Amino acid sequence: MSRYSKKKRNRAKIYTFLPTGDYYFHKGLQSYDRFDFTNAKKYLQRALELEPLEPMIACQLALVHTETGEYEKSNQLLLMTLNELDERMTECYYFLANNYAHLGLFTEAYRYAKLYLEKDEVGEFADEAEELLEWIGINDDDITLLKEQEELLQMQEESKSLLEEGKYAEAVQMLEDIVKAYPEFWPAYNNLALAYFYEGETSKAFSMTEKVIAHNPGNLHALCNLAVFYFYEHQTGDLERLLKTLEKIKPIIPEHRYKLGATFALAKQYELAYFWLRQLQKSGYPGNAGFYYWLAKAAYFTGNEKAAKAAWDRLVLLEPEKAGIAPWNESLEEADKRSEGDQALLKLLRSESIAERLCGIFFISISDRQPALLTHPSFKSIEEFSYPEKLYLATILQVEKRQVPHAGVRVDKAHETATELYERHKDRPADVFDLLKFWFGIVRKVIENEGKFANPSAFAAAAEYVWSTEKNEGKTQREIAKQYGISTATLRKYITKIELYL
């Protein structure tokens with residue numbers, strides 16, 4: 001060791017560097033100037049945390065949000081700057097006007113641009129504000145009409161949110177009101193068609209979509225919706241013909257590109273799906289959970305595994321419950337079967353027949369995907385279920401009966417009967433569904449009349465006998481009683497019980 005090392009060590013001093021808000025602010029500005037908006041946002045958010053009362057930081061962070069298309073977040077910061085930090089920062093009025101113009105809310109854009117010019121006629125952005133007003137092209141007399149149009153767009157956004165949350169009945173009600181009031185507002189028709197389809201009203205969904213295409217040929221959302229309907233209804237020929245048409249479409253609007261890419265991904269046309277979705281990502285499309293889901297799937301099944309993982313990581317940030325269930329955790333065939341099976345069950349819950357909906361609950365109860373189905377966005381809200389459904393759902397979830405009003409009926413016994421029927425006939429899917437539908441038709445009436453369920457095997461035998469008789473299968477009482485291990489006298493007794501509810 002050098003003989004001078006100890007002396008040098010004694011002279012050395014360690015200075016702790018504690019970054020300030022000003023330090024992060026300038027780092028954020030440098031990133032912003034390089035168009036590195038991800039780091040700009042990170043540094044400016046940290047700067048604002050350290051100096052929450054500094055209006056320049058809040059305003060600059062708002063501009064970064066504008067650049068990334070997060071206009072509502074930007075507006076929140078701009079309004080906070082004006083209302084809480086420094087009302088003299090009049091440029092915020094112009095930035096608000098610009099954001100509202102991007103959102104399509106032109107009355108708000110007009111209002112804030114006028115405010116900016118009133119408060120700062122010779123301000124830095126006066127020329128831009130004048131140009132914005134000229135581009136908007138409205139005056140005070142137009143405001144009422146434009147306000148009405150914006151309210152319509154807001155209603156449309158609310159209905160889309162209801163669809164995304166799986167509140168289809170509410171969405172149908174709102175959208176039916178919109179199309180009645182605005183008979184040529186085609187986006188509402190498209191969303192109404194989707195709501196009908198997910199409610200199980202397939203014919204209405206097709207009819208509504210065909211109406212849009214007839215009056216507004218080339219409507220991409222309608223064409224894509226039709227492809228979705230063909231896919232789920234297994235109308236393979238119609239789907240193939242429509243996909244060939246969609247391949248020829250070259251949309252420019254980002255929303256249309258996303259719709260087209262997601263539709264191709266659903267229909268397993270992964271090369272086309274990846275082309276459109278990847279293009280969007282490269283152009284800076286912010287994307288939602290649905291976008292990253294379809295991008296990850298399309299990327300994985302076209303061999304772009306690195307892009308698939310990156311997209312799935314973004315999805316998990318938005319929806320943490322998706323962790324561990326990426327498409328590559330199962331084969332393509334398994335993924336498709338699972339997706340189709342889930343959709344079929346969720347659609348069954350929206351059948352017009354209560355018996356079929358009770359069947360749907362039964363199949364969910366025996367599914368190894370029960371947790372995923374019960375938490376699926378398309379799962380009906382509890383308020384939409386009828387009383388028999390609520391009682392049965394509470395039973396299979398083992399909810400305490402006191403949470404369900406007047407729950408004196410032993411639905412667990414009815415469930416045991418359904419399970420026995422299923423186990424005996426599960427090798428014949430069409431027959432078992434028809435038989436269970438017959439049984440749950442009885443279950444509904446017993447619940448509504450506050451009847452009783454007892455001896456599940458006897459009820460199962462009686463249900464099969466009455467059902468087979470209606471189908472002219474010619475099974476004898478002795479034969480069925482022997483299969484279920486009960487006497488013919490007991491069978492006749494329970495046949496009588498069932499016949500009371502027919």
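A salt bridge is a side-chain nitrogen of Lys or Arg within 4 Å of a carboxyl oxygen of Asp or Glu. The legends describe a predicted model, in which local features need pLDDT of at least 70 and side-chain atom pairs count only at pLDDT 80 or more, while totals for chains, interfaces and linings use all residues. Residues are numbered from 1 along each chain as its sequence is written, and side-chain values use heavy atoms, with hydrogens and water left out.

**View A. Lys41, Glu70 and Lys73 are linked in a network of salt bridges.** Within this view, the side chains of Glu70 and Lys41 meet in a salt bridge with an N to O distance of 2.6 Å. The pair links distant parts of the chain, 29 residues apart, since Lys41 belongs to helix α3 (residues 37-50) and Glu70 to the loop between α4 (55-67) and α5 (71-85). Helices (H or I, at least four residues) are DSSP runs, numbered from the N terminus.

**View B. Arg88 forms a salt bridge with Asp86.** The closest N and O atoms of this pair are 3.0 Å apart. Arg88 is exposed, with a relative accessible area of 68%, whereas Asp86 is buried at 16%; buried means under 20% relative accessible area, exposed over 50%, and partly exposed in between (1.4 Å probe, protein chains only).

**View C. Arg424 forms a salt bridge with Glu420.** Both residues lie in helix α23 (residues 411-425), 4 residues apart, which is about one turn of the helix, and their closest N and O atoms are 3.5 Å apart. Arg424 counts as partly exposed at 40% relative accessibility, and Glu420 counts as buried at 18%.

How values were computed:
Helix = DSSP H or I, 4+ residues; strand = E, 2+ residues; numbered from the N terminus.
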